[in-house]
Amino acid sequence: MAIDFDVDPEFQVQIDWVKKFVSEEVEPLDHFMRVGEDKQGNPLDEDSMKAVRAYIKSLQTQVKAQGLWGFHLGEDLGGPGLGQVKLCLLNEILGRTRMGPTVFGCQAPDTGNMELIAHNGTEAQKKKYLEPLLAGEKRSAFSMTEPHAGEPGEFKCMAVRDGDEWVLTGEKWYTSNGAGADFLIVMAITAPDKPLLERASMFLVDRNMPGVEIVRDVHGFGTPIEMKYDDSKRRLGGHAYIKYDNVRLPIDALLGEEGGGFVGSQTRLSGGRVHHAMRAVGVCQYALDMACERALSRRTKGERLADKQMVQADLAESFIQLKQFRLHVLYTAWLIDKTGKYTREIRKEIAAIKISAAKVNHDIVYRAIHLHGALGMSNETPLGDMWMSAPYMGIMDGSSESHAANLAKLMLRDYEACDDLFPTYHIPKLVAKAQDKFEQVIADYLEK
Ligand SMILES: Cc1cc2nc3c(=O)[nH]c(=O)nc-3n(C[C@H](O)[C@H](O)[C@H](O)COP(=O)(O)OP(=O)(O)OC[C@H]3O[C@@H](n4cnc5c(N)ncnc54)[C@H](O)[C@@H]3O)c2cc1C
């Protein structure tokens, strides 16, 4: 029996340190940055922002001293090489914060891009792009989805070979950090007539190359729309709509094998989905904590909300959903650690947790908002932000439906059709078979 839910004591010390550090240092930073003004109501000026940036650097130094900087990285890349289960336990804590990933050097989309370059890059590409990314000196983006299609089979953005160059042409949409990044990894079709998995390649594109045009820096809803992109206000955090207009790339801009883009990007997306799922656990736990505190504090009709059976049922439902989801994510991480590969079995689990993440996040945050009444609908609790981002989970990195289709396809490979008139589990058939068996069992017994 090797099943063991204990965390080894040395790692528990690190978890405890991260929990304390996040609650005492990172969460106050989130709250301070949310309002962006001082106690007197003055907006933060350049000097104050410099002080905040220096403070963030000092937090990063403390993280480095603990050996937790870039904790998603293997030892070969200067990270602690924790493996997926431990990564999950840390991502769960960071899920409660906005600035946590920046302070720990594991912010998306840089994390996935680091893995992509580490696995597919040449030595020169690693030096130019990976090293500064690891050091937190450069920021990156991953440019794959297109305005007319999120599904790779429909992509149109092309890269065509012209002598010693690749010429990149097309449009990309919702490229997170696209406007503020120093470079982008762009997925482009290089062999339109080949089977889907050999059709695309990835390219490293410097953001300031001629022909890279940000049409708009798109943000999530609830943010004012910017009709014209203003490069002087360039910043991270948006999801850029980008035109690549005859961008002439050197031959060594190709990342990985020509035609290996879709397969190569799966490494990035698969690991990322597990990390997102565990950060969703952190978000949901925070929402449930708020719901429990409120249920104990708020009174109606002479008793606490916590004494109302329908409130109790909601709290219990959230607890059960969260516990099951958390165990499923950890189980998936454990499978990855065990095999070291994204096998069919693991891809099945990843698709399943990706789908659950959206549902569990939605349900638990909704119940917490509902339980808070008008306070839950206000902009004065963290629940509003959680609710705005809840639908993301069912869309980013592929819609729940496309993952469900994939999951069902993978599941069905373990089964065979029954070509008889009735299925293999048809009871009359099973009884007839059992009667044959027991005819013999009884005869043997009576013969003795
Ligand atoms: C927060 C966030 C960050 C993102 N960051 C990036 C990024 O950095 N880089 C990048 O390239 N992209 C990014 N994306 C885009 C993301 O990858 C796509 O939104 C996603 O793949 C879905 O594609 P789509 O938006 O075109 O939706 P569509 O493919 O148009 O799907 C829309 C809807 O159609 C239905 N549908 C789709 N497929 C199926 C199916 N197979 N079966 C049944 N119904 C289906 C579903 O209801 C689905 O929600 C981001 C998205 C979000 C929300």
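Me: How many residues surround the ligand, and which are the closest?
Reply: The ligand has 21 residues around it, and the closest are M144, T145, G150, S176 and E401. A residue counts as near if its C-beta atom, placed from the backbone, lies within 6 Å of the molecule. This is a predicted model: local features need pLDDT of at least 70, side-chain atom pairs count only at pLDDT 80 or more, and totals for chains, interfaces and linings use all residues. Residues are numbered from 1 along each chain as its sequence is written.

Me: Which elements each supply at least two residues of that shell?
Reply: β1 (140–143), β3 (165–176) and α12 (400–412) do. Helices (H or I, at least four residues) and strands (E, at least two) are DSSP runs, numbered from the N terminus.

Me: Why does the ligand lie between domain 2 and domain 3?
Reply: Because domain 2 (139–255) and domain 3 (266–412) both give residues to the shell around the ligand. The domain bounds come from an automatic or database domain assignment.

Me: What other domains is the chain divided into?
Reply: Domain 1 (9–120) and domain 4 (419–448) are also in the division. The centres of domain 1 and domain 4, taken over C-alpha atoms, are 63 Å apart.

Me: New topic. How many helices and strands does the protein chain have?
Reply: The protein chain has 13 helices and ten strands.

Me: And what box do the C-alpha atoms fill?
Reply: Roughly 95 × 75 × 45 Å, taken along the principal axes.
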